[in-house]
Amino acid sequence: MYPSGIVLDKDGKPCRVCTAFKNWTKQEKKKQHDSSSIHTNSNNNKTNSTETTEVVGSIISTNSSDSTLPPDCPPDVEQLGRSTWTFLHTMAAYYPEVPSYAQQRSMKTFLSTFSQFYPCDHCAEHLREEMKSKPPKVESRWALGKWLCEIHNIVNENLGKEIFDCSKIDERWKDGPKD
Ligand code: FAD
């Protein structure tokens with residue numbers, strides 16, 4: 001559910017937006033689909049490093065030392081995630097305090113549609129699963145912000161990241177730090 005390494009898409013091809021750039025090398029080609037290991041010598045211009053690539057089911061694990069996503073490169077799973085969370089939390093921060101019924105319905109539709117089309121397949125699948133047991137709370141600005149914070153914290157926990165204090169969402173996403 002939270003793979004590391006290069007993640008393959010539904011067609012068995014390496015998926016950029018499902019993979020952290022640090023785990024991605026252009027030279028890598030998928031060589032096999034089963035659980036055997038392969039070893040490649042990668043002539044990476046920047047690092048000249050030798051990389052070990054291991055195929056694990058549909059996930060290729062690799063130890064690459066080149067971890068900075070160059071500017072103007074398509075987003076990796078981390079850049080896409082950061083940008084998306086920024087958008088989602090900011091949208092929630094500016095959602096109406098008392099939304100109309102139509103606004104609540106639109107927000108529900110938006111989140112449902114978003115969870116179908118988020119470009120990282122395994123991220124979207126996990127989100128859809130979470131949304132089944134924790135449907136979006138859209139009845140107020142605070143409810144939506146808190147729900148989103150909790151969903152983000154589930155992802156944080158699964159990725160081994162710090163849990164965010166949801167009482168601080170306005171400070172982080174709307175008002176800025178108190179002086
Ligand atoms: P991010 O997690 O991107 O957070 C950005 C900023 O938001 C933080 O700096 C912090 O200030 C603030 N923040 C952190 N937590 C919260 C919170 N709970 N509430 C409010 N604000 C908060 N990556 C994977 O590798 N596997 C996945 O399955 C996966 N699923 C994802 C699902 C979704 C819907 C999204 C949007 C992203 C997903 N990602 C996934 C990406 C991942 O969540 C991170 O965005 C990425 O790893 C970059 O992390 P980051 O440390 O820069 O901070």
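Me: At what angle do the axes of helix 1 (residues 77-93) and helix 2 (residues 101-117) cross?

Reply: Two packed helices are described by the angle between their axes and the distance between the axes. Here, the axes of helix 1 and helix 2 cross at roughly 170 degrees and come within 13 Å. That makes helix 1 roughly antiparallel to helix 2 (angle over 145 degrees). Helices are DSSP runs of H or I with at least four residues, numbered from the N terminus; axes are lines fitted to C-alpha atoms over the stretch in contact, with angles from 0 to 180 degrees between N-to-C directions. This is a predicted model, where local features need pLDDT of at least 70 and side-chain atom pairs pLDDT 80 or more, while totals for chains, interfaces and linings use all residues. Residues are numbered from 1 along each chain as its sequence is written, and side-chain values use heavy atoms, without hydrogens or water.

Me: Which residues of helix 1 and helix 2 meet?

Reply: Look for contacts, meaning heavy atoms within 4.5 Å. Thr 84, Phe 87, Leu 88 and Met 91 of helix 1 meet Met 107, Phe 110 and Phe 114 of helix 2.

Me: What about helix 2 and helix 3: at what angle do their axes cross?

Reply: The angle is roughly 145 degrees, and the axes come within 7 Å. On the helix 2 side you will find Leu 111, Ser 112, Phe 114, Ser 115 and Gln 116, which meet Ala 124, Leu 127, Arg 128 and Met 131 in helix 3.

Me: And where does helix 3 touch helix 4?

Reply: Start with the axes: helix 3 (residues 121-133) and helix 4 (residues 141-158) come within 11 Å and cross at roughly 130 degrees. His 126, Leu 127, Glu 130 and Met 131 of helix 3 make the contact with Trp 147, Ile 151, Ile 154 and Asn 158 of helix 4.

Me: How many residues surround the ligand?

Reply: There are 22, each with a heavy atom within 4 Å. Arg 82, Trp 85, Cys 149, His 152 and Arg 172 are the closest. Now try polar contacts, pairs of N or O atoms within 3.5 Å. A polar side-chain atom of Arg 82 lies 2.7 Å from a ligand oxygen. For an N or O atom in the side chain of His 152, the distance to a ligand oxygen is 2.8 Å; for one in Arg 172, the distance is 2.7 Å.

How values were computed. Helix = DSSP H or I, 4+ residues; strand = E, 2+ residues; numbered from the N terminus. Polar contact = N/O pair within 3.5 Å; in protein donor to acceptor, adjacent residues only side chain to side chain. Parallel < 35°, antiparallel > 145°, perpendicular 65-115°, else oblique.
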